[in-house]
Amino acid sequence: MPITHTVFMLGALFAAPVAGAGPEGAVAAWQFDADGNGDGIADGWTGRSAAGGATFALVARGAGGAVQQVAGARPGEGISREATGLDPQATYLVTAEVTVTQGGVLWGPEGVRQKWLGPYGQAVESRATFDGRDRITIAFVADSPGTAFVVSSVRIERAEKAPLPIEADTGRFLVPRPQRIVYEPGETSGVTLAADTPMAFAEIASDRVSLGLFREDLGFAGDATLVEPGHIGDGPTIVVGTPEALRGQAKGLPASLADAVRACPEALREQGYYLRVTPHGVVIAAGDAPSAQYGLQTLRQLCAPAGDGQWRVPVLTIEDWPELPFRATYQVGIQPTPEALARAKYYARMKLNGVVMEDEVLYHLHEGDNLARVREYVQALRDLNLEPIPLVQSFGWGMYVLSIDPTCVEGRYVADRPMRFAARDALPEELREVLPEDGHGREYLVPPECLAGVPEPFGNTSFEDLDDERPVGWQADRWAGADGVSVSDGDALDGERCLRLNRRSHGTIRVWQDFEVDGATSLQISIQARGTGLTGRGAYAEIYARTEGGELIGAPAAMSNRIRETSDWRPLSMTLEPRGHRWFRVYLRVQEGEGTVWFDDLRAGLAEAQLRNLTHVDESLRLTDDDGNAFTEGRDYEVIAGETRFPFTADAKPWRIVRRPGGRIPAGARVLASYEYAPVGAITYCPSDPRTQEIMRETLATVIRELGVSRIHIGHDEPRWLNTCRRCRERELSNAELFADELTRMNDFAKAADPDVRVMMWADALNPHHNAPAQQLEPANDTTPKDMIQCTWTYLAGDDVAEARSLAYMAGRGYETTGSPWFDLENNWDWAQECHLSRQMTGKCLGMIYTSWDDFPEQDAFGGLSVTATFSWNPDDPRALEMLPWSPVEMNRTSGVLP
């Protein structure tokens, strides 16, 4: 009876034809074949164009049919078509072939998140999914003036979960799932492997393929039995080598293994392998040791228990390779702990090849046994064919530098601030406690607001005043009792009422009020809050500066601490430094989560009754009279040193400036004070400080030389403040010039240690589709070194427009790139698609870095890692996320790949 072979190339879908069906296998397959009324738009499609806007043309292209052209489109103009008769219980995959020659196109099912395509100048196959609809409109519209594009085909298919035949037969899921499998469904023949099954290696060293991990996972004790390829006996054997070396040994192999070797492709893809299982053994051909390791890991997953410590493997052939050459994860920690080593083995099982690792110890390698321990862990990664990529965190997250020297902070320089000398008894009673009661009546320098008080900037701070059951002076995303914002009676901390925000499903809900302050007065703002069942990012308060017309300016000007889960009433506090702005907006919110929070008793007071966390006092502190005449320390005043320590807190011992009797400063005098200080919570370092530069130069050089790495990551994400300290402002550079100068310096420091090292950084600060607008940093791309690898990131499903734009922009500026998802599984699929497309179109995208931040305690930080591994290996597996036939966590446990 002849054997039927099944060739399975991943990405196949089962589809059931319904209304409007095209060719077999598609719910709809729309070609552009006719234009019955001669308006330039294919029959069945509708054009979207204002008068004098887009032009349409249906153009024949020979045997391939016609294409729909759209030229000169303005935002919102394009074409659309409706599909009907869909099953609202089903998930559908939409595939479109689009060529964009100018501008950008947003496309996809309306009412669902859109995909974005840039002007690649060649046909791109792009995919989107939707569900829960019995009809849907598919639209292709411009998002920038003058957009020109061509659509050549659109397909809508019903996506069904469909395991591979090998998975259905054996129950062994393959992760990542291979590109090509030739399998004999239901075939009972195969080969049995045991601990003493011989292994032969040709031009690939056995100690370079993590052979110990392979044997450990199969429960094989002892060392492998190694034989020469030309001395294989009659029993089953595993043969591993390069295609050339194996062909040279084919004559000495048993017949079935020799046939398997001869069937190996002449050329394997980058990082690819060929695996053939015969009744007499296994052949794995690969170009190098890491690729051979990937083949062994696939073989491990194919093994099914056969009893007595043996494993049965079915007869099949696999040809496999990763679509993205760089597949990495981020982690905190670079220590050889049992947990870390187990996690590293997990990465190897998932066929990752890089680990971006952050740890404060990188700044202290020459202390104690730090270097030895880090080297031990780095070598463990290399033994698993995982590239170690240290992340030397810097700039926006400068905590490690500031822990070494707090004066490296990007402080705030205050120039010629009017202040007064006053005795303790001259202050309002509620502020007297901030000055010492020394019994000598000494006068201390204080802000004049301490003497006059600060007007209340907010209205209806306890939510007592209502208009139509809503608090006067407040606005909200949605006023509602059950799921939204409402006023709560009986739950107040003070008075009769408080504010209640409720989310019954994952998302965000906000309430806000606009207010005005004196542009020079720093305020300490607090509000009481309590919560129940808060998930995600929890509940907090934040303040944005705004224009007089109401437009928000950049990043938050102040942000409070958060409450999560369930908590009793406690204060959320923040420091607002106006920095010349007068108009602001305060938000109270539940962010990217669900649960209930109550707010009450919003208050504002002075943030600077005393001077705290002063920096560079000997250089920056200066007192003058109104005419600019300088006073002298020791003669006219004295400085009582306080604390400047990181982290910078509101309870740090204050610095006090005391008037000296007999000096030139009259009692109660007003003076102009200049000084520099670190605000509460400051975490950005000063790029202009020589001490900062020395710490970074020494750290980068030490890490690169001592660990021998070929790539190093410098972080540089989310810079909160630039050009606020005296040193930076004296350079008279724009934010973009300052940032580019800092990046060039970091790159130079790394190259001085090793000219061949590549520097990586998080790309958000340079990315106009991410955080660059907040600090006007996009122009920094003009001079930032183009050999730096830009690691783009967004973390929510539906961010694929930003993902595509970011990769296209960075590639267009000449950088190589990576993309980063988090635990959201759909976002993993989105990123893999966009990275794969960017690599095809630009050649600039290297791959993906999974990120494992622990901001959400209820989420497993590594919960999406196996999905990222699957999609970065094969972005079209599956072509719709809903096709996953397995739960990642359950699959990991079943297959034994969790540490």
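A strand, as the word is used here, is a DSSP run of E with at least two residues, and strands are numbered from the N terminus. Keep that in mind as we walk through this structure, which is a predicted model.

Let's start with the second largest pocket, which holds about 460 Å³ of space. Its lining is made up of 24 residues. If you want to find the middle of the pocket, look for Tyr 413, Val 414, Gly 519, Ala 520 and Arg 579, the lining residues that lie nearest its centre. Two strands, E26 (412-422) and E40 (670-677), each give at least two residues to that lining. Strand E26 provides the largest share, with seven residues. Sorted by class, the lining has nine nonpolar residues, nine charged ones and six polar ones.

Now move over to a sheet. Strands of a sheet pair through backbone hydrogen bonds, either parallel or antiparallel.

Zoom in on E20 and strand E21 (residues 310-314): they run antiparallel and are joined by three bridges. For one example, Ala 304 has Arg 312 in E21 as its bridge partner.

Notes:
Residues are numbered from 1 along each chain as its sequence is written. This is a predicted model: local features need pLDDT of at least 70, side-chain atom pairs count only at pLDDT 80 or more; totals for chains, interfaces and linings use all residues. Side-chain values use heavy atoms; hydrogens and water are left out. Two strands pair if DSSP finds at least two bridges between them. Helices (H or I, at least four residues) and strands (E, at least two) are DSSP runs, numbered from the N terminus. On a 1 Å grid over the protein atoms alone, a cavity is a set of points where a 1.4 Å probe fits but cannot get out, and a pocket is an open set with protein on both sides within 12 Å along at least five of seven lines; lining residues have an atom within 4 Å of a point. Grid points are joined across faces, edges and corners, and a volume is the space filled by probe spheres set on the points. Ala, Val, Leu, Ile, Met, Phe, Trp, Tyr, Cys and Pro count as nonpolar, Asp, Glu, Lys and Arg as charged, and the others, Gly among them, as polar.
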